[in-house]
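Subject: Handing over a structure

Dear colleague,

I am passing this structure on to you, and my notes on it follow below. Please read them with the model open.

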Amino acid sequence: MDTRAIDPQFVNRVKSLLGEEGFDQAFAPIEEASGLPNAAYWSKDWLELEQERVFRRSWVFAGAEAEIPNTGDIKPVEIGGAPLVIVRDKDGSVRGFHNVCRHRGAKLVQDKCNKSSITCPYHAWNYALNGDLRSRPHFHGPDKLDKFENGGGEKLDLIFVRVEVWNGCIFVNVSGNAEPVTDWLEPLLRRTPNYDFSSIRWAGKLEFEIKTNWKLVYENYMEGYHVFSVHPGLLKFAPMNLRWSGEWDEHVFYNDYIFPENQEGRGDGLPHYPNLPEEDAQRGLWFLCFPHFAAEVYPDQFTLLVSYPIAPDLTREELHVFLIGDAATSDIHKKERNSVIKMWDDLNREDIGMLELLQQGRLSPAYDGGRLSPHWEGPTHQFGRRIVEKIIAA
Ligand code: FES
Ligand SMILES: [Fe+2]
């Protein structure tokens, strides 16, 4: 890595938390490498570094547009440890704000809701859906109402967060200086030129709370090594001999296979992407756009797996299923749609037990990051390296 692009202060912080050896491990060749040391999975200070240096400086998935379809729909989210709200404004656009009142700093919105404006629960400052302060009751004395026709200016209006929407997916970048979303997605898009993503529609989501570190979700997601022992159904669908390790292309991991036959929940009875060529009709591809946007592309779907750290040992995971056109919502596709969602639910539950064991094993002082399979786990090792690189990058 270019040493000019490194912030030495953060190199020191990483070394103080992981140790010199742990730091070097992240950059070792795969034959000698092990995973990140236990501290990267248990330390609160380490998670704070990840929140501040990785999540806030990246594009992070904040939900499906279809979750806030109507004017005044408001969804609170937490990204990089920062409380935010995603709002459907009157003009139809999706906006993001820090979820904090400009007065004494109360968190404004606690639950998903629909409102014509946002009123602080503490002293009732009122904000428009575009973030403008509208009024402050009793601020200059009893029964006096401060009114603002065009907002209160930069010290009083809600603080914007950068938001971009890509084919029904809402992304947030807290730092505000990430590249445009379509540039960031480019390594995924150039591998999927035959897939018309403008045809995807949101069919629903599954939510899980897992007693594990958020990184383990992706370390597991990337390697097909565990399929033979953890996923009997998936093994039948795509046996080990069809699988390879996948690889990173810039900041995007990808992997794929051609599956021999359709299976309930994958490629079975639902419409395909429009004009998808025959050669892709039995292809599965999966991606991880660093740090946490994991997308699985099958001929009939676009399924996301996203994890949000709550604590070093607690993760909220969401699985969002997008199907093609009206397959996402119409009654005639209900049975097949439910099969897709059930398939993902079953598959994910098979992983959850393992993810929790991985976290518990990292309490062992005897574990040093382990020995990784050079055949399967190069990308997993690189994921750890990318975390460290992003933390120390200037
Ligand atoms: S903290 Fe929001 S109005 Fe006082
Ligand atoms: Fe798995």
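His-226 is buried, at a relative accessible area of 13%, and His-231 is likewise buried at 2%, where buried stands for under 20%, exposed for over 50% and partly exposed for what lies in between (1.4 Å probe, protein chains only). This is a predicted model, in which local features need pLDDT of at least 70 and side-chain atom pairs count only at pLDDT 80 or more, while totals for chains, interfaces and linings use all residues. Residues are numbered from 1 along each chain as its sequence is written, chains are lettered from A and ligands numbered from 1 in the order in which they are written, and side-chain values use heavy atoms, without hydrogens and water.

The domain assignment, which is automatic or from a database, gives domain 1 (67-162) and domain 2 (179-392). Four residues of domain 1 and six residues of domain 2 take part in the contact, meaning heavy atoms within 4.5 Å. Between the two domains the rule finds one salt bridge, a side-chain nitrogen of Lys or Arg within 4 Å of a carboxyl oxygen of Asp or Glu. The side chains of Glu-67 and Lys-205 form a salt bridge at 2.8 Å, N to O.
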